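Subject: Structure for your review

Dear colleague,

Please find below the structure that I am handing over to you.

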Amino acid sequence: KNNHIYLKLHYTKGRSDLFYIDTETLVFTPVTAYNNLDKKYLISEEFYVNGTTRLAITSSNKLYSTTLDGLSLKFIDSVAFSKPVQEPFIAERRTVNDYTLIKLLFANDGWFLDKKGAIKKTLGSRDFVDAAGRKFMPKFIIKEFKQNNTWYYYISDYENVFTYDDKISKFVEVPNTRTDFRTNRELNFVNDYKNAYIQEVAGDYSTFKLFTFSNFKTNLIAEIKVKNASKTIFKEFNKYLVVLSGNTLTTHTFQQSAIKTFLKDKSIRTIKQLGAYDYIVATDSDGFYLINIKENTEKRLKILEDNKEIGINYTRDVYVEKDGSLITVGSEKLFTLDSNYHVIKDRSLPTYGHEIIRIKDTIFTEDNEANFYKYSVRDNKFLKIDNPNSAQIKEFATDGSTIYATSTKGIFEYKNGRINTYSFDNELTENLLSINYLKGYGVLVSTTLGKIYKYDTRAKKLVLFYEDPLRASIVGMEAAGNNLWLNTYVGIVSLDPVTKKAVRYTGKDGVYELEGNRYSTYKDKNGNLFIGSYRGLSFFNPSELSQKELKIQPQFTSISFFNKELDRWEIKTAPAFLKTTKSITLPAEYRRFATTISVLSGISTDGLRYRGRLLNKESSNEWFTGFYGKEILYANLAAGTYRLQIEALDITGNKQGETIELEIIVEDVFYKSWWFIGLVLISTIAILSFIFYQYKMKQDLLAENKLALNEATIKTTMMLEIHHRIKNNLQIVSGLLGLQMADSDNEELKTKLKDSQHRIESIAGIHNLLYNANKEDSILVGDNVASIIAYYQQLLPITVSYQVDVDDSFLGIDKITPFSLLLNELINNSIKHAFTHTPHPVITIHFKKITTHYEFNYSDNGTFKKETAVSKTMGMRIIQMMTKQLKGTSTINKETNFMLKLQFPLDE
């Protein structure tokens with residue numbers, strides 16, 4: 001009660017654990033008071049008294065009466081066995097108005113417990129008395145039930161019932177109550193014991209038989225056959241049985257319905273009216289039946305030929321003659337039957353056609369090889385008609401003068417001996433299914449995808465008339481009342497031809513089988529409709545059906561995301577969470593989420609589509625439509641606040657139900673957050689302040705000692721110290737980048753940080769050379785190149801040969817810095833991109849001073865990847881930037897391997 005249930009898990013013999021489950025939050029809470037019981041308590045059985053949960057717990061020598069309230073277990077009473085029992089299983093626990101009867105399985109011990117759980121009486125052989133006055137202790141109490149406010153029991157070895165006599169405090173036999181006892185013992189009673197059911201298993205199927213029960217007598221009201229692997233549950237027992245078979249959920253109703261079902265579990269093909277209430281029905285493989293809609297009777301007909309019964313199967317139509325004879329088609333013959341269902345041999349001819357159509361006294365048929373025939377009823381002769389298009393017929397229809405048919409080549413037409421076939425641009429031929437001519441509608445054609453077209457017989461075009469929102473195949477159409485009635489793969493549909501409003505009738509309305517069958521939609525002279533399926537024939541008068549609307553509402557059925565507080569991925573399916581959660585937060589390192597969608601509806605909605613979009617302040621994304629799956633996933637979201645919107649659409653694109661929304665808050669990555677940016681700014685200011693402080697101290701020192709040192713020495717010392725400090729501080733920054741790489745799981749970020757680290761190390765190498773050089777404002781180019789090569793040889797595992805040809809040129813600090821960054825970028829790019837498939841990598845570096853300029857050539861023997869956007873990469877942008885700072889001109893040869901030629905002017 002109150003959205004809670006108990007779950008008992010059995011682990012080992014005689015032991016179990018108990019859990020208290022909130023069905024809204026899906027939280028499992030152990031019932032510690034029960035789970036921590038001493039092992040001497042072996043077995044427990046639950047029962048219910050006036051809404052209270054009770055447990056009868058047994059040990060080897062005692063029975064304990066307890067009450068269970070939430071997580072609390074309270075011991076009420078106990079009683080010792082007559083002797084110890086090794087396996088004290090409880091065989092019976094029968095609860096009635098004033099007491100509960102409990103009996104052990106492997107012993108004769110039994111007890112009465114009152115409403116409060118107190119043990120009032122120990123039962124023995126003296127407490128059971130049969131009609132002959134014999135006293136006994138029953139082995140089993142098979143069934144308890146209530147009739148006229150009195151409780152009765154079926155007891156093993158007795159056919160009459162027993163009741164408890166309060167006056168003598170004994171169970172006594174009630175004579176003359178054995179009627180239907182074999183059935184009654186098997187009944188499963190529910191509610192007020194006026195209804196019951198029996199489940200019988202035969203082969204691969206189980207049959208549910210539902211009864212009314214009164215005065216010890218049963219009355220069968222319904223039978224439902226389901227596959228044995230199905231799961232079943234009664235929802236309001238005398239109203240609905242819900243069956244889950246595979247992925248199909250079906251609701252069977254037992255309420256009085258305007259829709260009746262005949263010939264359950266028979267595959268129906270065609271129906272014709274014989275009399276006021278009598279109809280002949282042809283099935284696929286079970287022959288012919290006669291049904292009476294007034295008496296609700298079914299009778300299998302015996303078709304006799306030479307006084308021997310024959311089977312006529314796969315019949316597509318039946319024609320009733322004025323003399324009461326019938327004309328129909330079997331698998332190999334066109335049969336004429338008299339009113340007693342005997343074959344009239346001289347009026348029966350061989351044919352291979354299943355589908356037939358009649359115009360006046362002529363019957364037309366077509367065989368499996370697309371041969372077209374006409375049969376004269378008057379002359380009893382077949383005549384083959386030339387069919388130039390070899391179109392295989394699917395189904396016939398006629399307006400009385402022209403024959404129309406759906407076929408493998410399109411719409412087939414026959415009139416006055418001529419055949420024409422038409423195909424269409426707006427519909428595939430293979431989708432064409434059923435066809436019918438209906439007064440007021442004309443020729444209607446349905447498809448396997450739930451469309452109905454009007455066939456324009458003059459223009460030879462298909463004009464769309466209706467689309468089923470569930471894309472269900474339409475296998476039959478009939479006009480009745482003011483509506484068009486459709487036999488579909490998902491129930492029976494009533495369609496208003498003006499408003500196109502459709503009402504679908506399913507299991508809740510009394511439709512036994514939802515999947516319709518072709519050739520089995522029929523309207524009789526009184527306006528009654530017969531809708532055939534693969535498992536029965538539905539019969540109703542349209543005027544007696546109440547109209548209802550199809551309501552569909554999408555909903556979230558699960559939300560999957562990383563829970564930062566719990567530090568784990570979670571898939572939330574609890575109803576309470578899904579109902580109340582309007583927003584989720586995604587941490588920066590796990591910027592993705594998924595959700596599944598379903599709909600609330602009373603019918604199958606497999607044909608529905610869903611569409612979604614993710615909105616934020618910066619963008620308004622278009623709807624992502626056209627997916628039929630029920631899961632939507634978003635990943636790698638940028639930081640910000642989003643709004644996910646989901647809608648359900650029918651096949652025509654019309655919105656079904658209301659839009660559902662979910663807010664998604666994506667946290668920013670730490671290095672874009674205000675605290676990280678602030679930390680970097682503070683660190684930079686501190687480093688520059690320290691450098692300035694050191695410089696000022698040196699200047700003060702120089703002023704104090706200017707008499708002892710000359711100006712040149714002071715300048716040299718200060719510059720070397722500045723170079724040393726800059727080198728150290730740049731290496732600190734490089735170290736900070738290295739720490740950041742170690743803490744990051746983002747491979748793209750780590751790569752970019754690594755590249756930045758290389759560039760900083762290249763600049764630091766310049767200041768290291770200046771610190772150790774004889775000249776304080778220029779560097780030998782050869783030393784700089786050697787320093788960079790040594791850095792990469794030490795850093796990377798790949799072995800690269802360097803061919804270096806550098807003269808003794810010096811470059812000032814304003815040119816050596818961009819040159820160093822340029823060379824660093826070239827080597828880095830070669831190692832990262834050029835040598836993937838090169839067994840012996842080689843890099844060639846050439847630097848010479850010419851009369852008016854410097855000449856620098858760089859090349860590798862790797863495989864150059866030709867990329868249309870190569871100039872847009874970070875590496876190429878840096879190369880272009882450094883070339884510009886050197887005031888030089890460069891050319892890049894990228895036909896086979898990479899080669900750069902650069903010329904820049906001498907120092908001014």
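In what follows, Ala, Val, Leu, Ile, Met, Phe, Trp, Tyr, Cys and Pro count as nonpolar, Asp, Glu, Lys and Arg as charged, and the others, Gly among them, as polar. Please note also that this is a predicted model.

I begin with the cavities. A search of the whole structure gives 3 cavities of 30 Å³ or more, and the largest cavity holds about 60 Å³ of space. By class, its lining consists of 6 nonpolar, 8 polar and 2 charged residues. Of the 16 lining residues, Val511, Glu513, Ile531, Ser533 and Ser538 lie nearest the centre of the largest cavity. At least two lining residues come from each of the strands β48 (483-488), β49 (491-495), β52 (529-533) and β53 (536-540).

As for the chain in general, it contains 9 helices and 69 strands. Of its 908 residues, 47% are buried. The chain exposes about 47,900 Å², of which carbon and sulfur atoms supply 49%. Among contacts with a separation of 6 or more, 49% are between residues 24 or more positions apart.

In soluble globular proteins, nonpolar side chains tend to be buried together. Here, the largest nonpolar core has 35 residues, and the members that touch the most others are Ile827, Phe847, Phe856 and Tyr858. At least two residues of this core are supplied by each of α7 (781-795), β64 (801-806), α8 (813-834), β66 (842-849), β67 (853-860), α9 (874-885) and β69 (899-905). The largest share, 9 residues, belongs to α8. Which residues does Ile827 contact, leaving aside its neighbours within four places in sequence? They are Ile788, Ile789, Tyr792, Tyr802, Ile843 and Tyr858.

Leu263, a residue other than glycine, has a positive phi near 55°. Its place is in the loop between β24 (260-262) and β25 (268-273). Is Leu263 buried or exposed? Its relative accessibility is 2%, so Leu263 counts as buried. Lys500, which is not a glycine either, has a positive phi of about 65°. Lys500 lies in the loop between β49 and β50 (502-505), and β49 also supplies at least two residues of the lining of the largest cavity. With a relative accessible area of 34%, Lys500 is partly exposed.

Yours sincerely,
A colleague

Definitions and conventions: Residues are numbered from 1 along each chain as its sequence is written. This is a predicted model: local features need pLDDT of at least 70, side-chain atom pairs count only at pLDDT 80 or more; totals for chains, interfaces and linings use all residues. Side-chain values use heavy atoms; hydrogens and water are left out. A nonpolar core is a set of buried Ala, Val, Leu, Ile, Met, Phe, Trp, Tyr and Cys residues joined through side-chain atoms within 4.5 Å. Buried means under 20% relative accessible area, exposed over 50%, partly exposed in between (1.4 Å probe, protein chains only). Helices (H or I, at least four residues) and strands (E, at least two) are DSSP runs, numbered from the N terminus. Contact means heavy atoms within 4.5 Å. Accessible areas come from the Shrake-Rupley method with a 1.4 Å probe; for residues, only the protein chains shown count as cover. On a 1 Å grid over the protein atoms alone, a cavity is a set of points where a 1.4 Å probe fits but cannot get out, and a pocket is an open set with protein on both sides within 12 Å along at least five of seven lines; lining residues have an atom within 4 Å of a point. Grid points are joined across faces, edges and corners, and a volume is the space filled by probe spheres set on the points.
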